[in-house]
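Please look through the sequence and the model below, and then follow the explanation, which begins with the ligand and ends with the confidence of the prediction.

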Amino acid sequence: MPERVLVITGTSSGIGLATAVAVARHGFVTVATMRDPSRAGRLLEAAGAAGVTVDIRQLDVTDAASVSSCIDGVVADHGRIDAVVNNAGAGHLGTIETESVDDVRRVMEVNFFGVVAVTKAAMPHLRASGGRLVTVSSVGGAIGQPFNEAYCAAKFAVEGFMESLVPVAATVGVTVVVIEPGAVASDFVANVDVDPAVVASG
Ligand SMILES: NC(=O)c1ccc[n+]([C@@H]2O[C@H](COP(=O)([O-])OP(=O)(O)OC[C@H]3O[C@@H](n4cnc5c(N)ncnc54)[C@H](OP(=O)(O)O)[C@@H]3O)[C@@H](O)[C@H]2O)c1
C-alpha cells in the first residue's frame, strides 16, 4: 500500500491544527497548509508532543497562484493526494445596512471561493486516487444567524456546492463530505472580523 497523503488548509490554529495532528497520528502523510508559515509554531509544538511530523506548506485559499502551486508541489513531492480537508475560514459579524457589498464579497472570498479554488485544484488528484474531499462548513451553513449574514451565506453556498458535487464526484470514485460544527473553542471568535457599527449599535 502506498502511503496516503492528506492536504488540509488553515492549520495555524484551531480545528485545522488539531485535525492535522490527529490525521498524522492515524498514519497519513499530512500536508498542513497555512497562509503564513511563520505562524507554524503551535502546530509544530503539538505535532512534536504527539510524536508525529507534518509537512508545512504555504497556501492562501484566496490566492489562485498559491493554491495551484501548493497542490502541484504536493503531487510533485508525494506523488498523490488521497484526501483534502477544506478547513480554512474566518468569521464575520455585520449586517447589510451597515456594511458594503465589498465587505460581503470578502467574506465569500475566504469562506466560499477559497473552498471552490482548493476543490478545483484537488479534484483531478482525488479522482486519480479515489479519494475523499472533506469541507468544514458550520451550523451557520444550515441555519441563518442574526448579524452573521455574510458568513452564513458563504457557508450555505459551500453546502449547496458540495451537496451538488456529491453525486457527480461519486461517479469518478470521489467521496464528498461536509461537517457542520457548532461552537468550538478555537481562535475563531478572536479572529472574527467585526463591523464596528454593529458593536456601536449594541
Ligand atoms: N470555532 C467555531 O466555533 C466554528 C464553528 C463552526 C465552523 N467553524 C469553521 O471551522 C473552520 C476552522 O475554524 P477554527 O474554529 O479552527 O478557527 P481559527 O482557529 O480562527 O482557524 C481558522 C484558520 O483558517 C485560516 N485562514 C483564514 N483565512 C485564510 C486564508 N485566506 N487562507 C488560508 N487560511 C486561512 C487561519 O489562518 P491565519 O492564522 O493565517 O488567520 C486559521 O488557521 C472554519 O472554516 C470555520 O468557519 C468554526
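In this predicted model, the space that the ligand takes up is the largest pocket. The shell around the ligand is made up of 29 residues, and those that come nearest are Ser12, Arg35, Arg39, Tyr151 and Ser186. Sorted by class, this shell contains 11 nonpolar residues, 13 polar ones and five charged ones.

Some contacts can be followed atom by atom. Ser12, one of the nearest residues, has an N or O atom in its side chain that is 2.6 Å from an oxygen atom of the ligand. Asn191 likewise places a polar side-chain atom 2.8 Å from a ligand oxygen, whereas at Val184 it is a polar backbone atom that lies 2.8 Å from an oxygen atom of the ligand. On its own the ligand has 890 Å² of accessible area, and the protein covers 95% of it.

The chain averages a pLDDT of 96, and 97% of the residues score at least 70. Confidence is highest in strand β4 (residues 83–86), at a mean of 99, and lowest in helix α6 (residues 196–200), at a mean of 68. Where pLDDT is low, the predicted coordinates should not be read in detail.

Notes:
Residues are numbered from 1 along each chain as its sequence is written. This is a predicted model: local features need pLDDT of at least 70, side-chain atom pairs count only at pLDDT 80 or more; totals for chains, interfaces and linings use all residues. Side-chain values use heavy atoms; hydrogens and water are left out. A residue is near a molecule or strand if one of its heavy atoms lies within 4 Å of it. A polar contact is a pair of N or O atoms within 3.5 Å; within protein, one must be able to donate a hydrogen and the other to accept it, and residues adjacent in sequence count only if both atoms are side-chain atoms. Accessible areas come from the Shrake-Rupley method with a 1.4 Å probe; for residues, only the protein chains shown count as cover. On a 1 Å grid over the protein atoms alone, a cavity is a set of points where a 1.4 Å probe fits but cannot get out, and a pocket is an open set with protein on both sides within 12 Å along at least five of seven lines; lining residues have an atom within 4 Å of a point. A molecule sits in a cavity or pocket if more than half of its atoms lie within 2 Å of its grid points. Ala, Val, Leu, Ile, Met, Phe, Trp, Tyr, Cys and Pro count as nonpolar, Asp, Glu, Lys and Arg as charged, and the others, Gly among them, as polar. pLDDT is the predictor's confidence in each residue, from 0 to 100. Helices (H or I, at least four residues) and strands (E, at least two) are DSSP runs, numbered from the N terminus.
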